[in-house]
Every structure is written in structure tokens, then in C-alpha cells.
Amino acid sequence: MSKNYPALARAVIDALGGVDNITAVTHCMTRLRFVVKDNDRVDSATLKGLNGVLGVVRSDNQCQVIIGNTVSQAYQEVVALLPGDLKPAESTEKPKLTLRRIGAGILDALIGTMSPLIPAIIGGSMIKLLAMVLEMSGALPKASPTLTILTVIGDGAFFFLPLMVAASAALKFKTNMSLAIAIAGVLVHPAFIDLMAKAAQGEQVQFALIPVTAVKYTYTVIPALVMTWCLSYIERWVDKITPAVTKNFLKPMLIVLIAAPLAILLIGPIGIWIGSAISALVYTIHGYLGWLSVAIMGALWPLLVMTGMHRVFTPTIIQTIAETGKEGMVMPSEIGANLSLGGSSLAVAWKTKNPELRQTALAAAASAILAGISEPALYGVAVRLKRPLIASLISGFVCGAVAGVAGLASHSMAAPGLFTSVQFFDPANPISIVWVFAVMALAVVLSFVLTLLLGFEDIPVEEDAAKARALHAADAKAAKA
């Protein structure tokens with residue numbers, strides 16, 4: 001069903017407290033992400049009730065409005081209604097620093113930085129998969145220039161990921177984007193890469209008599225993210241100490257001269273250690289629990305998506321694929337989670353008597369099963385009707401267990417669905433593609449059957465609902481008489 005996006009955008013902005021209550025807006029694959037000044041002015045009930053809004057997620061001064069696959073159209077209309085320069089209001093009172101606020105701030109920075117980059121990452125992943133398929137099928141010989149160029153196209157978003165992260169983080173932390181990109185560029189400069197390769201082989205590398213840790217920064221996220229956060233403070237400090245007459249040349253020179261060595265000597269290595277520690281923790285759990293960890297993740301994944309926590313795993317997945325060539329815990333668990341939501345939506349479309357719900361459920365099922373985009377099914381159907389969510393979680397656990405036992409692993413990073421199933425194909429184990437399709441089929445069938453068995457409270461057609469309310473009112477009136 002087509003939506004009136006200009007009207008939807010206006011209604012969303014009004015429910016958020018008006019244009020003057022919004023300080024920032026962006027979007028990911030399915031959500032409009034707003035930052036608001038005053039939480040008390042946000043009317044969540046009205047937001048959730050808007051036709052075209054699948055759900056609302058709030059955290060501190062953040063408000064995520066789930067639209068679905070057509071979020072970009074809604075985003076364009078929202079931006080058209082907002083002023084070009086959105087700046088947060090200056091607060092006279094600093095919020096109290098707590099562990100919860102620190103944790104929320106870290107997650108917000110990570111998710112807010114990575115979400116805009118997902119399309120580029122997915123696009124690059126699919127091009128790399130295309131190159132792999134063309135090589136395996138013999139359509140292109142291994143050393144052909146066309147294959148090499150295709151591989152480079154697919155790998156560009158990953159190799160230069162620190163630059164993309166720096167640009168996105170500069171928007172998030174409201175610092176100079178060109179300076180952030182320039183400093184991140186140092187980390188992936190060919191001469192610096194060669195120098196780090198020599199350091200890794202034991203050659204002593206120093207900068208101003210300070211030893212430089214041998215680190216490879218391509219394909220990484222955390223170093224550029226932390227570096228840009230620090231840059232936001234360095235820029236403000238340098239701005240204060242430089243005379244007005246010298247700001248045009250002295251300010252940028254001092255910022256780069258301070259931030260770049262700091263990134264090379266301290267922030268970069270610390271960022272790598274943090275990323276490696278997170279990856280080690282996740283996959284140590286996988287090592288101990290084996291297939292059970294994939295099953296648990298398959299059951300938890302829809303709940304993580306609801307809170308936005310699923311984006312926390314993006315850097316870990318990217319780093320693991322870069323280091324080992326594949327990822328065998330999070331990505332395989334998403335197969336069952338995504339397609340189970342699709343299967344539950346199909347069951348709802350099969351059983352419901354509400355034409356609008358049927359149309360929504362069919363569109364959501366297609367999105368989840370074919371493309372692996374599960375938010376429309378999650379918010380438009382499962383959470384809305386509750387029991388289909390339970391069916392999806394049970395099916396996600398079972399299918400995650402099967403994927404774990406089969407040893408499935410992804411060689412790229414794209415939302416698992418029918419169109420992206422090739423990412424789980426292991427050239428050394430051709431039977432892996434059979435397992436992928438088996439898990440997908442099991443997810444759809446099992447969640448479909450479980451949804452029918454558990455049932456759900458159907459949403460009545462508006463005319464029938466009005467008649468029921470009128471009949472109930474008449475019965476109440478008769479009872480009083």
C-alpha cells in the first residue's frame with residue numbers, strides 16, 4: 001500500500017514535538033533516527049499509532065521511528081521540512097555521569113556511526129560475492145583484469161573503511177570531516193602500510209624517538225571511531241588557544257600535528273586492542289558453546305534488533321571476516337532469525353481476515369525471506385501480534401542450532417536472505433549451500449506452523465470494529481436500563 005510520505009513526515013515531526021525539538025536526523029535501512037532536545041515533548045503513543053510507522057524505539061534523547069524498506073522516501077520528506085543546519089541546544093546543566101549513561105553513549109556512538117555505512121558495506125560484500133561466483137563458475141579466469149577490477153570494487157568499502165568511519169563519526173561528534181578523513185587517511189597510506197609491515201617483521205620503527213606499534217588499520221572500525229571522537233575535543237581546544245589572525249593556517253596545522261601522531265602512537269593501537277578483545281570474547285563464547293551459541297543468538301537476534309543492539313556486532317563481523325575470511329556465529333544465526341520472521345508473517349497473511357494486515361504481512365514476509373530485511377516483519381507483524389514473535393524466537397533457536405551443527409559461516413556481510421544466500425557458500429565444501437537452503441526452508445516452514453499452532457489475536461477490520469463497539473455500547477445501555 002502506497003504511503004503519503006509528505007503527510008507522514010509532518011505527522012512524525014509533530015509527534016516529536018515539532019521542528020524546534022529536533023536537533024539531528026539520519027536513517028539506516030529501515031529507521032528514521034532522530035535526536036531531540038526535550039524528551040517530554042515526544043508523544044510516543046501518537047507516533048506508534050501513525051499509519052506507516054511500524055514501531056518506535058527510544059533511548060535517552062534518541063528516538064528511532066521504524067518505517068520499513070521505503071525509509072529513504074520518508075527521510076527525504078522529513079529533511080525537506082527541517083532547517084538545513086540542525087544544532088543541539090546548549091544545555092546549562094550537565095547530565096549526571098553514570099555507568100548507564102556512559103554505556104548508552106558508547107553504544108550510541110558505535111551504532112550512529114556504523115548505521116549510515118551499512119549500504120556501502122552490503123554493496124561491497126555483494127560485489128565480492130559476484131566476483132567469487134564468476135571465478136568459481138569459470139566465467140572469468142582467475143587472473144583476468146575484469147575479475148581483478150570487480151574484486152577491487154567490492155573490496156574498496158572495506159579497505160578504506162577507516163576513512164568512511166571517520167567521515168560518519170565526524171558528523172556524529174560534530175567535528176571537521178575533512179580533518180577526520182585526512183588523519184584516518186594516514187593510517188591507510190601506502191607508505192605507512194609498508195612501514196607497519198616492516199615493524200611487524202621486527203624492524204624498529206620510531207616517531208620522534210617513540211616506538212610505533214605494528215598495526216594494520218585497513219578493514220578496521222574502532223581506531224578511526226575513537227580517533228575522531230578525540231579529534232572533536234582537540235579541535236575545540238586548539239580553537240581556543242590560536243589567535244584569530246592565525247586560525248586559517250595555524251589551527252588546522254596544529255590539529256593535524258597533534259591528532260595524527262596521537263592516532264599512530266596511542267589511539268590506533270588501543271582501538272585495535274579493543275576491537276580484538278571484543279572479537280575474542282564473542283568467539284571464545286562460540287568456541288566453548290559451539291552450535292549452542294549460534295542457537296542462542298538466533299533466538300536473541302530479533303530482540304537485539306528491537307533495541308538496536310544488533311549493530312554492535314558489525315565491527316566484530318567485519319574484523320573477523322578480514323582476519324579469517326569468514327564469520328561463523330552471528331551471521332549464521334541471522335539466517336533462521338530473519339526467515340523465521342518471514343515465515344511467521346506468511347502465516348499471519350494466510351490466517352488473518354484483515355485485508356490491510358494481510359497486505360502488510362505479505363510485504364514484510366517478502367522483505368525478510370528474499371532480502372533478509374526483517375524489521376517490517378518484526379515491527380509490522382510479530383511485535384504487533386505478540387504470538388508470532390514467540391514462534392519466531394523458537395524457530396530462530398532451532399534453526400540456529402542446525403546452522404551451528406552444519407558449521408555454516410559467511411564469507412561476506414549482507415543481511416542473510418534468499419538473494420544473499422551465496423555468501424554462505426564454501427568452495428571447499430560444496431554441501432554448505434545445501435545446508436543453507438535447508439536451514440532457510442526449515443525456518444520458513446517451522447515458524448509458519450508454530451504461528452498457526454500458537455494462534456494470534458487478529459486485528460479486526462475497521463468497519464467490523466466499529467460495529468462491535470456500537471453493539472457493545474448498546475448492550476451496556478440495555479443492561480443499565
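Which residues in α8 meet M227, T228 and L231 in α10? They are L179, A180, I183 and A184. Keep that contact in mind while we go around it. One caution before that: this is a predicted model.

Helix α8 covers residues 177–187. Helix α10 covers residues 222–241. How do we describe such a pair? Two packed helices are described by the angle between their axes and the distance between the axes. Here the angle is about 135°. The axes are 10 Å apart. What do we call an angle like that? Angles over 145 degrees would count as roughly antiparallel, and 65 to 115 as roughly perpendicular. The angle here is about 135°, and α8 and α10 are therefore oblique to each other. As for handedness, α8 passes α10 in a right-handed crossing.

Stay on α10. It carries an aromatic pair, W229 and Y233. These two residues are 4 apart in the helix, so about one helical turn separates them. Their ring centres lie 5.4 Å apart. Their planes meet at 75°. Planes over 60 degrees apart count as edge-to-face, so this pair is edge-to-face.

The charged end of R236 sits over the Y233 ring. The distance to the ring centre is 4.7 Å.

Now to another pair. W350 and F448 are edge-to-face as well. Their centres are 6.4 Å apart, with 70° between the planes. This pair links distant parts of the chain. W350 sits in helix α14, residues 330–351. F448 sits in helix α18, residues 432–454. That puts them 98 residues apart. Accessibility next: W350 is exposed, at 66% relative accessible area. F448 is partly exposed, at 23%.

The charged end of K351 sits over the ring of F456. It lies 5.9 Å from the ring centre.

How many aromatic pairs does the structure hold? The count is 6. Among them are W229 with Y233 and W350 with F448. There is also an aromatic cluster, made of F159, F160 and Y219.

The W350–F448 pair joins α14 to α18. That's my tour.

Methods
Residues numbered from 1 in each chain as written. Predicted model: local features only at pLDDT ≥ 70, side-chain atom pairs only at ≥ 80, totals over all residues. Heavy atoms only, no water. Phe/Tyr/Trp six-rings, centres within 6.5 Å; stacked < 30°, edge-to-face > 60°. Buried < 20%, exposed > 50% of the residue type's maximum accessible area, 1.4 Å probe, protein only. Lys NZ or Arg CZ within 6 Å of the ring centre and 35° of its normal. Axes fitted to C-alpha atoms, helices over the stretch in contact; angles between N-to-C directions. Parallel < 35°, antiparallel > 145°, perpendicular 65-115°, else oblique. Left-handed = near helix turned anticlockwise from the far one by under 90°. Contact = heavy atoms within 4.5 Å.
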